[in-house]
Amino acid sequence: MLVYPGVKVDTGYAYKKFDEWREIHPEIDSTYFVDNLKGAFLKNNFDEIIKWIHNDFEEVIFREYPILSKIKERLLKFLGAASLTGSGSCIFGILPKDCDESLKREIKNALKDFEVIFARTKVSS
């Protein structure tokens, strides 16, 4: 699912702020998250996948756009995983396979001030 807050994050600005943040925090190494997430996908382990979802851009973008952080916090009350899409400005959430319409209504109600889009993954054989 996606939540669009109605704000636009300029990609060039986001990368500039991210580069500045990385200069201050060179000790942060995302390869740990990427490697673990990749392993979870290869094992098709949903619980592990949601555990390792991470986006370094959140460190800088959430400071500039606190509404995005609030949306993520609201989603995490319902879902196991939510994160910023790329450099922004949408937040995505991963719904459980057995998600029913009542959960979707609850989420939409909690985020009624924003555009909420539910999507389904198409699995091909």
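**View 1. K97 sits in the loop between β3 and α6.** Helices (H or I, at least four residues) and strands (E, at least two) are DSSP runs, numbered from the N terminus. This is a predicted model: local features need pLDDT of at least 70, side-chain atom pairs count only at pLDDT 80 or more, and totals for chains, interfaces and linings use all residues. Residues are numbered from 1 along each chain as its sequence is written, and side-chain values use heavy atoms, leaving out hydrogens and water. K97 counts as exposed because its relative accessibility is 87%. Exposed means over 50% relative accessible area, buried under 20%, and partly exposed in between (1.4 Å probe, protein chains only). A110 lies 13 residues from K97 along the chain, and their C-alpha atoms are separated by 20 Å.

**View 2. The largest pocket has a volume of about 810 Å³.** Sixteen residues line this pocket, and F46, I94, L95, K97 and T121 are the closest to its centre. A pocket is an open set of points on a 1 Å grid over the protein atoms alone, where a 1.4 Å probe fits, with protein on both sides within 12 Å along at least five of seven lines; lining residues have an atom within 4 Å of a point. Grid points are joined across faces, edges and corners, and the volume is the space filled by probe spheres set on the points. α3 (46-52) and β3 (91-94) each supply at least two residues of the lining. The lining residues divide into ten nonpolar, three polar and three charged. Here Ala, Val, Leu, Ile, Met, Phe, Trp, Tyr, Cys and Pro count as nonpolar, Asp, Glu, Lys and Arg as charged, and the others, Gly among them, as polar.

**View 3. The largest nonpolar core has 24 residues.** M1, V3, I61, L75, I91, I107 and L111 have the most contacts inside this core. α1 (11-24), α4 (58-64), α5 (66-76), β2 (81-84) and α6 (101-110) each supply at least two of the core residues. A nonpolar core is a set of buried Ala, Val, Leu, Ile, Met, Phe, Trp, Tyr and Cys residues joined through side-chain atoms within 4.5 Å. Beyond its neighbours within four places in sequence, I61 is in contact (heavy atoms within 4.5 Å) with V9, A14, L68, L84 and S87. Another core, of five residues, lies apart and includes A40, I49, I53 and A81.

**View 4. The whole structure holds zero disulfides.** A disulfide is a pair of cysteine sulfur atoms within 2.5 Å. C90 is in no disulfide, and the nearest cysteine sulfur, that of C99, is 19 Å away. C99 counts as buried because its relative accessibility is 18%.

View 5. S89 belongs to the loop between β2 and β3. N44 lies in the loop between α2 (31-42) and α3. Most residues other than glycine have a negative phi, and most peptide bonds are trans. N44 is exposed because its relative accessible area is 67%.

View 6. Along the sequence, the pattern is β-α-α-α-α-α-β-β-α-β. The C-alpha trace spans about 45 × 35 × 25 Å along its principal axes. Of the 125 residues, 34% count as buried.
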